[in-house]
Structures are given as C-alpha cells and as structure tokens.
Amino acid sequence: MRIMAVSGSLRENSSNKSLIDSLPYLAPENVNIDVYDGIGKLPHFNPDIDKEPHPAPVAHFLARLSLADGLVICSPEYAHGVAGVMKNAVDWTVGNSGLEGKPVALINASPRSQSAQEHLSATLRLLGDYVEDASIAVPVAGTGMDAQELARNPEIAPLIRSALAMLCRAIARN
C-alpha cells in the first residue's frame with residue numbers, strides 16, 4: 001500500500017513538516033509513505049495551463065498522486081483558512097481526477113487550527129474520499145519536536161499510528 005503525504009507549510013522546521021516526516025517511522029508494515037516536498041514548486045493554478053502537457057512540477061505532482069492509494073495532508077492555518085500553497089495543490093487535482101475516490105486524512109499540528117481543517121475537509125468531501133475517523137489534531141505546534149522525536153513520543157506516536165491504521169482500512173475498502 002502506498003500513501004502520499006504532503007505538508008502545506010513551506011517552513012523548513014514547521015510542525016506540519018515534522019508530522020509528515022514522522023509518518024514513515026509510524027506506518028504499518030507493508031505501507032510505503034511517499035513524502036512529497038515539492039508543493040512550493042507548483043505554479044499558481046490557472047485553468048488555461050491545466051492541460052496536457054502540464055508544467056513539469058504539476059505533472060510530477062499528479063504522477064506521484066496517481067501512484068498513491070491514499071493521501072495524508074498536514075497543513076497550517078493562515079488567516080483563518082487553508083494555507084495558499086495547499087489550496088493551490090488541491091486546485092491542481094480538480095480537473096485531473098487526482099483525488100477522485102482516493103481516501104484522504106488530515107492530520108492537524110495544532111488543535112487551534114480548526115478553520116483550515118474544516119475548509120479542507122469540506123473540499124476533500126467533494127473531491128475525494130475524506131476519512132473523518134483518520135483525521136486528527138495532534139498538539140505538536142510550538143514543541144520543536146522533529147520527526148524522530150514525534151515517532152518516539154509515547155503520547156503522540158499512538159495517535160498518528162491509529163490515524164494511519166484507519167486510513168489504511170479505508171484504502172483497503174476501496
């Protein structure tokens with residue numbers, strides 16, 4: 001099973017990136033986590049260029065997404081909404097069936113970031129197979145923990161493992 005994981009933060013040491021980078025350590029056996037880190041290279045979505053051949057960064061993103069059985073998104077909230085780079089990435093999937101029927105979980109690094117989570121989940125219900133049971137808030141914002149520290153943390157690691165297991169069950173049902 002292959003799960004693509006995307007952070008909606010461009011910051012090098014963000015909590016969202018640390019969460020995404022912890023997933024390979026916490027994934028169930030036989031689950032490959034493909035951490036996609038090219039979100040900042042995607043051009044602004046424009047329907048005029050949303051056609052074959054896509055710009056190279058878009059083609060690469062869509063190709064990787066097409067190989068995934070499921071998707072995990074971990075994105076910050078900016079100005080009471082979804083981070084612009086994350087919304088841009090999601091927009092690139094609309095006309096390309098990139099998320100159609102693909103189970104998606106949201107892992108939120110800050111329980112205070114509910115608006116972004118709500119907006120993303122509404123969009124994902126429309127485009128994909130949003131897996132609410134696998135979507136969680138993990139209180140790691142501001143802790144400074146890196147991926148390995150998160151994977152060893154006795155309070156956080158079980159939450160992430162459980163969310164991944166639920167996502168895997170949703171993928172298996174598809």
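Reader: Which residues in α6 are buried?

Author: In this predicted model, local features need pLDDT of at least 70, side-chain atom pairs count only at pLDDT 80 or more, and totals for chains, interfaces and linings use all residues. Residues are numbered from 1 along each chain as its sequence is written, and side-chain values use heavy atoms, with hydrogens and water left out. Buried means under 20% relative accessible area, exposed over 50% and partly exposed in between, with a 1.4 Å probe and protein chains only. In α6 the buried residues are Ala-157, Ile-160, Ala-163, Leu-164, Leu-167, Cys-168, Ala-170 and Ile-171. They cover an arc of only 160° around the axis, which puts them on the same side of α6; the arc is that of the directions from the helix axis to the C-beta atoms.

Reader: At what angle do α1 and α6 pack?

Author: Two packed helices are described by the angle between their axes and the distance between the axes. Axes are lines fitted to C-alpha atoms, for helices over the stretch in contact, and angles run from 0 to 180 degrees between N-to-C directions. Helix α1 (residues 15-26) and helix α6 (residues 157-173) pack at about 75°, their axes 10 Å apart, and are therefore roughly perpendicular to each other, a term for angles of 65 to 115 degrees. Helices are DSSP runs (H or I, at least four residues), as are strands (E, at least two), numbered from the N terminus.

Reader: Where does Pro-53 lie?

Author: Most peptide bonds are trans. A cis bond joins Glu-52 and Pro-53, with omega about -10°, and Pro-53 lies in the loop between β2 (32-36) and α2 (56-67).

How values were computed:
Parallel < 35°, antiparallel > 145°, perpendicular 65-115°, else oblique.
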